[in-house]
Amino acid sequence: MLLNLKSWFIKPQDPDIIMTRFCQTGSQAELGQLFNHFGNDIYHYLVSLSNTDTANDVSQKTWLKVMEKRHLYREQSSLKAWLFTIATNTLRDEIKAANKLISLEYQQLESLQTVELETENNLLKSYNHALLQLPFKQRESFILQQEGFSLAQIASITSEPQETVKTRLRYAKQQLKISLGVYNEI
């Protein structure tokens, strides 16, 4: 209750201002505030693209890179996009290093055998399953869009042309509609 009352009187600070101070001082307090503000979003994004163990590892490595590379942050760019770019590149490096790439053919075969849903409680499970059946790059673009990034920001984060991102989003949505069948509300 006391915490709720404090939030009425204490105005949250702008993450960009916190990042600017962190870049100048390297203060762990500012890093902690940034982590509190963006940590869950980054972790959720990473879990959507991998498993929980990999997401934990990559999330930690992402924040280590933020500490190491804080001098590379430019105030004119979106802080959230910069953090997600670091997370995306770190995840790609992790996947390459561990040779965890799953063949696209296997994913497509499994998506054809997907779930027949009978109850609304299965919707989330089915959605997550269908999402995991998408090819990595389509899933990556789709999840970034769900996180609220624009096409231009997604193109920047993934280092791909904007038209490529549009195509991946279109294919991802088509495949999700097919996989989800009766729920078809994307």
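The second largest pocket in this predicted model has a volume of about 240 Å³. A pocket here is an open set of points on a 1 Å grid over the protein atoms alone, with protein on both sides within 12 Å along at least five of seven lines, and a lining residue has an atom within 4 Å of a point. The volume is the space filled by probe spheres set on the points, which are joined across faces, edges and corners.

Among the residues lining this pocket are His44, Tyr127, Phe142 and Glu147. Two or more lining residues come from each of α3 (28–49), α7 (122–133) and α8 (136–146), and α7 gives the most, with 4 residues. Helices are DSSP runs (H or I, at least four residues), numbered from the N terminus.

Attention now turns to helix α10. This helix covers residues 162–180, and its 19 residues reach 27 Å from first C-alpha to last, close to the 27 Å expected at 1.5 Å a residue; the expected span is 1.5 Å times one less than the number of residues. Val165, Arg168, Leu169, Ala172, Leu176, Ser179 and Leu180 of α10 are buried (under 20% relative accessible area, with a 1.4 Å probe and protein chains only; exposed is over 50%). Seen down the axis, these buried residues fall within an arc of 100°, so they line one face of α10; the arc is taken from the directions from the helix axis to the C-beta atoms. On the other side, Glu163 and Ile178 are exposed. Just after α10, Gly181 takes a positive phi of about 50°.

Residues are numbered from 1 along each chain as its sequence is written. Local features need pLDDT of at least 70, side-chain atom pairs count only at pLDDT 80 or more, totals for chains, interfaces and linings use all residues, and side-chain values use heavy atoms, leaving out hydrogens and water.

How values were computed. 1 Å grid on protein atoms, 1.4 Å probe; cavity = no way out; pocket = protein on both sides within 12 Å on 5 of 7 lines; lining within 4 Å.
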